[in-house]
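Load the model in a viewer and keep the sequence panel open. The stops below each begin with a selection and then say what is there.

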Amino acid sequence: TILTKLIQWTLEEFLEKINSSTATPSGGSVAAISAGLGAGLVGMMAKLSIGRIACAEQEKILKISTQIDELMIQLGNEAESDIAVFDEVMKAYQGPKETENDKKERTEKIQQSLKKAALVPLETGKICLQVIQLAEEIAQIGNLNALSDGIAGGLLAEAALQALLLNVRVNLELIKDSEWKIKPHLEMKRISAEGTEARGRLLKL
């Protein structure tokens, strides 16, 4: 399954929960699910290419199909993780602040939770990038009758990637440890650029 708890909702329930005053599911988890839908379209093109004489690179196509299956599971887990870390951040902000020690512990917990909240969507973004790259691959060797599905899947994953990086950026801005922020900031810039470049190539296919 692509998701754990979230998969238990009907589509109508899921959309209603997004369009409500509840804090979750929010941007990160919705982006992960959107990327999962995109991955599904990439997987569809791969599976519609298996066994077709016109599609010569069968070994590579089978590998893409398997990889997509694995990435969809990972995206489901990431959607759940996004909700969990958001809840952790909210809990940290609600910590006691009556004494100086309370305030110090609260600040430390907030900062720790914000680091997790930055890293989760960053990791999800890396998975999105893999989906985009697989979309490029299958679009060039797969069943042309499903080409629009494969490309659409890659474009969905790229949109999800950029949405996730917004979450990364917001959380990084709240983190006080400047040295810690260097690595995720560089990773964010790298995968954003790679995703944008891949999007441009997909649109030219």
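Select Pro25, which sits in the loop between helix H1 (11-18) and helix H2 (27-47). In this predicted model, the peptide bond from Thr24 to Pro25 is cis, with omega near 0 degrees. Most peptide bonds are trans.

Move on to Ser29, a residue of helix H2. Is Ser29 buried or exposed? Ser29 counts as buried because its relative accessibility is 0%, and buried means under 20%. To see what Ser29 touches, show Ala79, Asp82 and Ile83; residues up to four places away in sequence are not counted here.

Go back to Trp9 and show its ring. Lys17 lies over the face of Trp9, at 4.7 Å from the ring centre. As for pairs between aromatic rings, the structure holds one.

Helix H3 (58-93) and helix H5 (147-174) are the elements that give two or more residues to the patch. Met90 is in helix H3; with a relative accessible area of 33%, Met90 is partly exposed, and so it passes the cut-off of over 30% for patch residues.

Stay on helix H3 and select Asp87. Asp87 is partly exposed, at 40% relative accessibility. Draw a C-alpha to C-alpha distance from Asp87 to Ser113: the two are 26 residues apart in sequence and 9.3 Å apart in space.

The relative accessible area of Asp177 is 34%, which means partly exposed.

Now turn to the salt bridges. Side chains of opposite charge can pair when their charged atoms come close. With a cut-off of 4 Å between a side-chain nitrogen and a carboxyl oxygen, the count comes to 10 salt bridges.

Select Glu100 and Lys103, whose closest N and O atoms are 3.6 Å apart in a salt bridge. Both residues belong to helix H4 (residues 100-141), and their spacing of three residues is about one turn of the helix. Glu100 counts as exposed, at 59% relative accessibility, whereas Lys103, at 38%, counts as partly exposed.

Then select Glu187 and Lys126. Their side chains meet in a salt bridge of 3.1 Å, N to O. This pair links distant parts of the chain, with Glu187 in helix H6 and Lys126 in helix H4, 61 residues apart. Lys126 is partly exposed, its relative accessible area being 25%.

A salt bridge joins Glu194 and Arg190, with 3.1 Å between the closest N and O atoms. Both lie in helix H6, four residues apart, about one turn of the helix. Glu194 is partly exposed at 27% relative accessibility, and Arg190 is partly exposed at 34%. Which residues do salt bridges with shared partners join into one network? They are Lys126, Glu187, Arg190 and Glu194.

Terms used. Residues are numbered from 1 along each chain as its sequence is written. This is a predicted model: local features need pLDDT of at least 70, side-chain atom pairs count only at pLDDT 80 or more; totals for chains, interfaces and linings use all residues. Side-chain values use heavy atoms; hydrogens and water are left out. Buried means under 20% relative accessible area, exposed over 50%, partly exposed in between (1.4 Å probe, protein chains only). Rings of Phe, Tyr and Trp (its six-membered ring) pair if their centres lie within 6.5 Å; planes under 30 degrees apart count as stacked, over 60 as edge-to-face and the rest as tilted. A charge sits over a ring if NZ of Lys or CZ of Arg is within 6 Å of the ring centre and within 35 degrees of the ring normal. Contact means heavy atoms within 4.5 Å.
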